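These are my notebook entries on one structure. I put down what I looked up, entry by entry.

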Amino acid sequence: MGHALVLGGGGVAGIAWEIGLLAGLDEAGLPLREADLVVGTSAGSVVAAQLASGLPLAELLARQVDPAKQAPEIPATVDPERMAAIFAYGQENPPDRAALRRQIGRIALLTDTVSETERRKVIEARLPVDAWPAEQGLFIVAVDANTGEGRVFDRDSGVSLVDAVAASCAVPGIWPAVTIGDTRYIDGGVRSGENADLAAGHEVVLVLQAMKLPGVTDLDEQVESLRGQGSTVLVVKPDEDVVAAMGLNPLDPTVRTPVAQAGQRQGAALAAEIAAFWH
C-alpha cells in the first residue's frame, strides 16, 4: 500500500521541528508530503493539515521562522513531568489503558481553560486551508473525553479539518475539550503520541517523534507490530541542537524560529539516510 508519514505530538515546538525537518528534506529533493497516507496527532495534525494545504514547504517554513508570518498563539506552560503524572505513566500505571484514557478525559473536562471559541481561532490561524485533501489519505486522531475511545477523522467523517485538528490538539489540563456534534474530544496523544499503528498495511513508514513522555512505550510497541506485519519503519527524533532550541516548555511560541531552523538543518543532514530508506 505504499508509503506512510506519521507525525507525532509535541506542542508548538513540535510543529516547528516537523516543518523544519520536512523543509530541509524537501530542499534536498525528498518530498515526503507525497506519502500515500499521513497520520497526524496533536502537533502532527497541524503539520499534516498544513502539508495538505498545498503551500510550498518553503512557505510553511517561513510561517514558523518569520515572526511577521507566525500565527498568533496563546502562551501556555507545560511541564513534561506534570504531563507524565496526568497521564499516570510509570510503575503505578493502571493496567487498563481505556480506564486511563477515561481518567484523563475527566481531568480535561474539569479543568478551567480558555473558551473553545478562543482556542479554535488559534487553530484556524495555523491552517492555510480548511479542506481535506481530495486524494491523499489523511488521518487526524483525537479521543472521546467521556469514553476514552480513539477517533480517527478523515475526509469521509463529515467533520471540518479545523475541528478535527482542534480536537487532536486539545491537550488535557491545558486546552478545552472540543465539541463535535454531541461529543467532546481531547488530544489524540491520549491514545498514543504518534498513533503509528494506523499506518498498518503500508510498506514504508516514517515516524517523526517530536516528544516522548517518561515511561511511555506505545511507539516502541507499535513499531515492533508494524515490522512484524512486514512494514519497514524508521523513527526520527529531534537531534541535540533541536532539543536545546526547544527548551523545557513545548508550548512556548517564542521557540518556533530557532526550533524550525534547527529542524531544517537536521533534515538536510539526514537527507541521504532518509532518502535511501524512503526509496
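How many bridges join β3 to strand β6, and do they run parallel or antiparallel? I find 3 bridges between β3 and β6 (residues 183-187), and the two strands run antiparallel.

**Ground rules.** I am reading a predicted model, in which local features need pLDDT of at least 70 and side-chain atom pairs count only at pLDDT 80 or more, while totals for chains, interfaces and linings use all residues. Residues are numbered from 1 along each chain as its sequence is written, and side-chain values use heavy atoms, with hydrogens and water left out.

Entry 1: I take helices (H or I, at least four residues) and strands (E, at least two) as DSSP runs, numbered from the N terminus. Two strands count as paired if DSSP finds at least two bridges between them. For burial I use relative accessible area: buried is under 20%, exposed is over 50%, and partly exposed is in between (1.4 Å probe, protein chains only).

I then went through the partners of β3. Strand β2 (residues 37-41) runs parallel to β3 and is joined to it by 5 bridges. In this pairing I noted V39 opposite F139. Strand β4 (residues 150-153) pairs with β3 in the antiparallel sense over 4 bridges. Here F153 of β4 is the bridge partner of I140. The β3 and β4 strands form a hairpin with 5 residues between them, and G148 in the turn has a positive phi of about 80 degrees. On the β6 side, A142 stands opposite D187.

**Entry 2: two domains.** The domain assignment gives domain 1 as 13-32 + 53-72 + 193-278 and domain 2 as 77-191; such bounds come from an automatic or database assignment. The C-alpha centres of the two domains lie 20 Å apart. Domain 1 puts 21 residues into the contact and domain 2 puts in 22 residues, where contact means heavy atoms within 4.5 Å.

I looked up the area next. The size of an interface is often given as the accessible area lost when the parts come together. Between domain 1 and domain 2 the buried area is about 1,800 Å², and carbon and sulfur atoms give 60% of it. That area is the accessible area (1.4 Å probe) that two parts lose on being put together, summed over both.

I counted 3 salt bridges between domain 1 and domain 2. A salt bridge here is a side-chain nitrogen of Lys or Arg within 4 Å of a carboxyl oxygen of Asp or Glu. On the side of domain 1 that touches domain 2, the elements giving two or more residues are α3 (57-65) and α8 (218-228). D218 forms a salt bridge with R97, the closest N and O atoms being 2.9 Å apart. R97 and D218 also belong to a network of salt bridges that links them with E221.

**Entry 3: R126.** What is R126 paired with in a salt bridge? I find that its partner is E73, at 2.8 Å from N to O. R126 lies in helix α6 and E73 in the loop between α3 and α4 (80-87), so the pair ties together parts that are 53 residues apart in sequence. Both R126 and E73 are buried, and R126 has a relative accessible area of 7%. Leaving aside neighbours within four places in sequence, R126 has contacts that include V12, I15, R63, R119 and C169.

**Entry 4: other salt bridges.** I count 9 salt bridges in the structure. E124 forms one with R120, with the closest N and O atoms 2.5 Å apart. Both lie in helix α6, 4 residues apart, about one turn of the helix. E124 is partly exposed at 39% relative accessibility, and R120 is partly exposed at 26%. R191 and D197 meet in another salt bridge at 2.8 Å, N to O. R191 counts as partly exposed at 26%, and D197 counts as partly exposed at 27%.

**Entry 5: V235.** V235 and L206 are 29 residues apart in sequence, and their C-alpha atoms are 6.1 Å apart in space. Beyond its neighbours within four places in sequence, V235 is in contact with V207, Q209, L219 and V223.
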